[in-house]
Amino acid sequence: MSQTATMASTPVTGSQAAVEPSGPRPKPFFTPKKIILYTTLVFFSLYYLFPLYVMVVTSLKTMPEIRFGNIFALPQTPNLDAWVRAWTSACTGLTCEGLAPGFWNSVKITIPSTIVSIFIAAVNGYALVNWRFKGSEVFFAILIFGSFIPYQVMLYPLVMITRELKIFGTLQAVILIHTVFGMPILTLLFRNYFASLPQELFKAARVDGAGFWRIFFEIMLPMSLPIFVVALILQVTGIWNDFLFGVVFAGTQNYPMTVQLNNIVNSAQGTPEYNVNMAATVLTGLVPLTVYFVSGKWFVRGVAAGAVKG
Amino acid sequence: MADTAVRMEDGAGVSTRPGFLSRIFLHNLSAKFAALPMVITVLVVFVGCTIWTIYYSFTNSKLLPTGKFIGFDQYERLFATSRWNVSVWNLLAYGAMSLVFTLVIGFILAVLIDQKVRFESAFRTIMLYPFALSFIVTGLVWQWIMNPTLGLQGTMRKLGWDWFSFDWIANPKMVLFALLIAGLWHGTGFCMVLMLAGLRGVDEEVWKAARVDGIPTWRTYLSIVLPMMRGVLVTAVVIIGSGIVRLYDLVVALTNGGPGISSEVPAKYVFNYMFSGGNIGQGLAGATMMLLTVLIIMIPWAYLEFGGKGRR
């Protein structure tokens, strides 16, 4: 079984000695090289998996069990008490409402930010490829260069701008900021994708008299499902995981889940409840993890998209 | 010959046509309207806000940015503040280690996975999943694992290994390595994915040629394949580098700058002065220094990528 698999996967390099049976010599599966290879891979995998294991196991334990001091041990009687506490009544130092409000705030931030930022970026990419105007490439170049400017550089002026617009400390402000800072990478993504589509379609529609929006909605959008999926994954995980913009622009009552989580673990008073902390941590990681495991290859494509230059 | 004539005629025709100026503005009107958010973002945020920050870093703004021009005073104060100097040093040390280890581990993992291993997608999934998590989650998990009394150290000591020591987040000398472990856990998988894409992009013929010449595999990787992956390497360095300069959430979650100020970073310094220190000028000067750092990384890259067109 193992030998056939090895043979099938190794390309035939040509048979110099034609007398002998052709094809590469069947190799035994347990060569020293393979043992080292798999040992290393498994060792690294343990490093990556260990925190996830510890997180889940700790969240299912009781505090006395945790104080006994063995983070490897499986819970004696797994129970979801800590999860319930984390969700409904964990304290952040100010209030004791648990993570639930943070979760809903994150939902309220993530959904509109994702939709708005993707829509604007799609239109940008489309205009940059099919409707070039004077200076459009210059704007695009600055946009890409701008994505490398540290956020701290633009943070304070943006606070002033959102104050002027009377939206500072509201959901609208966070949505606006996510749209702005999501724009470079998403625009790049859509620009490259639209440029790869056959231009004849666009020209034919143009000849038939279709305008900017009509071509966009009726021809471009139906063809760009794959890139929308990539953009969706990128934005949902990125916005859900954001901390900085949430803490600055959302205002106390709109703090997203990451900010609430950090407050629960790092600024709560009294003796720390590690099981509740870990349950809260798992809960916060659950949404991006779900996206990651459901989307599979698409996630890789999404994150690698950041590396593809136009 | 005829072609140039036509083109010239065309050009002349445009410039003499009536309403030429209005044509420039009205041409593609809906496209320009649609691109308005991008134009505004570029002009107001990326250009406007950056210039604003640089300008006001030369003022004595305290609680409100209305100060008068005071030259380089904020910068002198910045580099006279031990907290800033510690931050810069931390970022340099962490950044150098993080960049090197991320690239090396990412490359090694990619090479290992490229050996036609079984369960390739399982290994890849395991290595990349931390990248889907936020830095806050990453920081908090590792904070718990590295908890000196109940975490890994406590567990090992209770199991009888009294000599076992892993108190890095409580030890000012080791705290950067604690950050590094968490940072590498989060980011190496992504680097591996990039590198793997680069490895798979190398032509099979190169491998055949190397094999025919009897070059050992490790040598082929280092001397032939790695230089061929220049594009991927540069991209990885730029992405990792700009991530390092931004390093903020992870520090807030894992150590909050402690113990003392031993794990402070510039992004945190800037944030604190802007939003809770009541000294905006200091924060803006720090932010400008961060920008300068990024420019020092970016300009050689931009030059290599877009300046030397003859290469590749």
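**Helices, core and contact**

Student: What is the chain doing over residues 276-294 of chain A, and how far apart are the end C-alpha atoms?

Tutor: This is a predicted model, to begin with. Residues 276-294 of chain A are 100% helix and 0% strand, with the end C-alpha atoms 27 Å apart.

Student: And what about residues 35-56 of chain A?

Tutor: That stretch of chain A is 100% helix and 0% strand too, and its end C-alpha atoms are 30 Å apart. Both stretches carry the "transmembrane region" annotation in the unreviewed UniProt entry. The entry also puts that label on residues 109-129, 138-161, 167-190 and 211-234 of chain A.

Student: How many helices and strands does chain A have overall?

Tutor: There are 15 helices and zero strands in chain A.

Student: OK, switching to packing. How much of chain A is buried?

Tutor: Of its 310 residues, 43% are buried. The largest nonpolar core has 162 residues, and those with the most contacts inside it include A:Tyr126, A:Phe190 and B:Leu254.

Student: Which helix gives the most to that core?

Tutor: Helix H8 of chain A, residues 171-196, with 15 residues.

Student: Now the contact between the chains. How many residues does each one bring?

Tutor: Chain A brings 74 residues and chain B brings 75. On the chain B side, helix H4 (residues 36-56) gives the most, with 12 residues.

Student: Nonpolar, polar or charged, how does that side of chain B divide?

Tutor: The side of chain B that touches chain A has 56 nonpolar residues, 14 polar and five charged.

Conventions
Residues numbered from 1 in each chain as written. Chains lettered and ligands numbered in written order. Predicted model: local features only at pLDDT ≥ 70, side-chain atom pairs only at ≥ 80, totals over all residues. Core = buried A, V, L, I, M, F, W, Y, C linked by C-beta atoms within 7 Å. Buried ≥ 20, exposed ≤ 12 C-beta atoms within 10 Å, placed from the backbone. Helix = DSSP H or I, 4+ residues; strand = E, 2+ residues; numbered from the N terminus. Contact = placed C-beta atoms within 7 Å. Nonpolar A, V, L, I, M, F, W, Y, C, P; charged D, E, K, R; others polar. UniProt positions renumbered as here; feature names shortened; annotations may be inferred.
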